[in-house]
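Subject: Model handover and notes

Hello,

Here is the model you were waiting for. My notes follow it.

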Amino acid sequence: MTQSDKKQEDFWFTLLRREDERALWHPELELIFVLKGAGRVCLAQNGPVYRINEGDIFAVNSFQMLELELDGDACALSLSISLHYLASVSPELLNHRVNCRSFLYPKDRQGIYDVLRNNLARAFQAQYKYEMRQSLYLKNRIAALLENLVRHFLEEKEELPEGSGWERLKPAIDYIQNNYREPITLEDLAEHTFLSRTYISHSFRRYLGVSFMEYLTRVRICHAVWMMHGRETLTEIAYNSGFPNVNAMIKAFKQYRGMTPGEYRKQAAAQQETPQTVTEEPDEMNHVFSSLMRYAGSDPEVKQYKEKVRELVIDLEGRKPRITQHWKRIMNAGYARELLDGARQQEIILLQKQIGFEYIRIKGILDDDMCLLRTDMIGNRVKNFTYVDEAIDFIVSAGAKPMVELSNMPRLLARSTSIPTMRAGLVSYPESLEAWKDLIRSLLEHLVERHGRDRVRQWLFAPWLIPDYVDFGVCSEAEYEEIYACTHETIKSVCGNFLVCGPGTTDCRKYLPRFLAMCSRRGCMPDIISFRSFAAVNPEEEEGGLNLIVGNESFPMAVSRDEDILFHLTEEARGILKQAGAGALPLVVEEWSSTIWQRDLCNDTCYKSAYLFKNVLENNAHLSGMGYFALNDRLDEIPPVPQMFCGGFGLFTKNSVKKSAYRAMELLAQMGDRLMEKGKGYFISQRDEEIQIFLYNYCHYDLLYRYRHTVNMTQTNRYQVFQPKEAEAFFIQMSHLSPGKYRIKRYGITRQGGSSYDAWVRMGAPDTLNREESAFLEAGSYPEYRTECEEVREEEPVLNISASVKPLEVMLIKIQKE
């Protein structure tokens, strides 16, 4: 069909072959199906170059730049649809981009693409099997195809540029296309198109996404690539393509193709020498187009959901920044007395073996259940370090360092019980500061005598309660200053190099500035600044108009609508430190979790693994330490319940079943020591010859559940309380790999694997478990696993990885050369 014929049509088909030259862009929407062979395609400025094979189908948007190369006798079918026809049938396609690329997905993810192939095959069949050109049936097939594009591939957030400006730009494009061999300048374009230099420069950026010179270079490269399959020398190709010299062409090839022209020609020659099996058949419809026409049968059933495509290009060359796993600094083990329990000790031993935290943080070491301060039969106060030693000795034996909060008050020293709790510990100001200092000094001197000063110097000590308790009536602000300063002084008097950590506030904006001012005034600045984050806000801080469901087991706070609250709190704390002249101090979040509510049933689900992936991978580099809260659901801060999956904070249930949060930490622990790339939803690291790709699709609570309305929540269905979100498909292209075979291992935490809660639901949600059921639950808590092998060739040193991550799922992909 001639160009003049095409202008009179609403849509038309074109057979594409390697020897055909084509423009870098055109105004029509185009759908391309690879009929035979293979090739490469690039759809964005400096974007990845994709390998395409027989059966692949992809869309090219209006005005979108496209570089298409077909190998040998490969061919493809193009369907072009005019703008005026789009306006009459599917006007949505005029304003938003279509993201349709089947080559990003494995064979088991081709459902919606098969529907598209079916509609394309039927439209093609209607065009060439029936004599009525542009028949009503054909238009119906094209309309069905466009409807499929809108339903499954439209990117509503990706708007196309307005269509009027490109028409004025077209003369400039035509001039470049006809004169690219000449040294064209903006002045030349302005003279021949009667447009200003400023307008031309702005229009190229706006409508094509590249500068004028970048577009001109791409045109020249396209022509050079076409000539590479002939016998011309590189000098002749450079001259005939418009490059001033061979070096300019080499530089452009390296920038846009990632290789030199010589390397490209060698690669193209190797592909040309690959044997091709050709079957002679009399009917070309059954030969060239057979790969498409096999889709023209019955309508395929769509079982695939809509996905958002994320494309990443990773260059493995060059030095990469080092990663320190700050998130593995601290694990909160709960209260000191709980470390004397054998089951809790086994959990920590397993945790340290499989993950390995630097510090185990404990609270309540001064509580009465530790028997540290008692009276004898005649009323004398007696210090006893037996239980303290057992707890501290165990932490050291597990290969960790203690992080000790000197907070709660022994009853013998308490002034009053200001805040009633169900635990034995008292939240109170001391009746005597001298007696308090004597207790702290005696404890630290005992630890030095037992473990040695050099070892204890590596531990962390928090002097007292967080400053937030002033507003709860525990003490006045002046009293808080006094006890904090004197405790800090007592710790440093035993050893000036002991490390002090504080204040651990949950409200940096309110408490941290005055805390820093106090420390500066009284000379008791901590060595490490700490805060806490439970993603909670007071309901009056949000304009939601929804009442919080208040209970008697948690502070009356809602989950913040800000899903990046930990990052923003960190930034806020760093700003306060800098303003106070303390910006050089390390900053840690000593307690963090997704909610302050210990009956949040989502804590048991896959949600928690996605939450951990998101917050660890996005905040690890911004903090000197992160202390997840907590190890086990059994904290005894609220009344226990008989249910195994009760919504506690822990990595383990109260009876030591690993939850999805534990499995997430197992995967995160495999992070490398060099950062390749990171962004929302992905984190890519490397250690030695292994590459680790972490993917996650986090979903935040909806408004009702953030305010604890559980109307959509049941014990066995806890996934109806999240904001709706699409699945995310990742296409990751890694370049500059050494040739050879690579083993690819995929680990996923989903509702089908990696979540003991979902395994429990599948087995019928029993109230109690026998030995067989416990073994089944343990097996069900292991992540999904799949392995495969890919070969990287010397002439094309790239590896393409595709993966689909549904909402609330996480994935680790490990790549290692065999």
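Leaving aside its neighbours within four places in sequence, which residues is Glu347 in contact with? They are Leu631, Asn632, Phe652, Thr653 and Ser656, where contact means heavy atoms within 4.5 Å. More on Glu347 below.

Two points on how to read all this. This is a predicted model, in which local features need pLDDT of at least 70 and side-chain atom pairs count only at pLDDT 80 or more, while totals for chains, interfaces and linings use all residues. Residues are numbered from 1 along each chain as its sequence is written, and side-chain values use heavy atoms, with hydrogens and water left out.

Overall figures

The protein has 818 residues, and 56% of them are buried (buried is under 20% relative accessible area, exposed is over 50%, partly exposed is in between, with a 1.4 Å probe and protein chains only). Its C-alpha trace spans about 110 × 60 × 55 Å along the principal axes. The secondary structure comes to 26 helices and 30 strands; these are DSSP runs numbered from the N terminus, helices being H or I of at least four residues and strands E of at least two. Of the contacts between residues at least 6 apart in sequence, 75% join residues at least 24 apart.

The accessible surface is about 35,500 Å², and carbon and sulfur atoms hold 48% of that surface (Shrake-Rupley method, 1.4 Å probe; for residues, only the protein chains shown count as cover). There are 100 positive and 113 negative side chains, and the centres of the two sets lie 2 Å apart. For that count, Lys and Arg are positive and Asp and Glu negative, with His and the chain ends not counted; each charge is placed at NZ of Lys, CZ of Arg, CG of Asp or CD of Glu.

Glu347

Glu347 sits in helix α15, residues 342–354. Glu347 counts as buried because its relative accessibility is 3%. Its C-alpha atom is separated by 64 Å from that of Ala23, which is 324 residues away along the chain.

The sheet of β4, β3 and β6

These three strands form an open sheet in the order β4-β3-β6, with antiparallel pairing (two strands pair if DSSP finds at least two bridges between them). At the edges are β4 (49–53) and β6 (67–70), each of which pairs on one side only. From one strand to the next the twist averages 20 degrees; axes here are lines fitted to C-alpha atoms, for helices over the stretch in contact, and angles run from 0 to 180 degrees between N-to-C directions.

Strand β3 (residues 38–42) is joined to β4 by five bridges, and Gly39 has Ile52 in β4 as its bridge partner. With β6, strand β3 pairs over four bridges, also in the antiparallel sense. Here Arg40 stands opposite Glu69 of β6.

In a regular strand the side chains alternate between the two faces of the sheet. In β6, Glu67 and Glu69 point one way and Leu68 and Leu70 the other, and all are buried.

The sheet of β10, β26 and β29

This is an open sheet of three strands in the order β10-β26-β29, with mixed pairing. The edge strands are β10 (307–315) and β29, each pairing on one side only. Neighbouring strands are turned against each other by 15 degrees on average, direction ignored. Eight bridges join β26 to β29 in an antiparallel run, and Glu728 stands opposite Val805 in β29.

Backbone points to check by eye

Two peptide bonds are listed here as cis. One joins Gly502 and Pro503, with omega about 5 degrees; Pro503 is in strand β17, residues 499–505. Another runs from Phe629 to Ala630, with omega near 15 degrees, and Ala630 lies in the loop between β22 (625–628) and α23 (660–668).

His736 has a phi of about 65 degrees and lies in the loop between β26 (727–735) and β27 (740–749). His736 counts as partly exposed because its relative accessibility is 35%. Leu808 has a phi of about 70 degrees and is found in the loop between β29 (798–805) and β30 (810–817). With a relative accessible area of 6%, Leu808 is buried.

Regards
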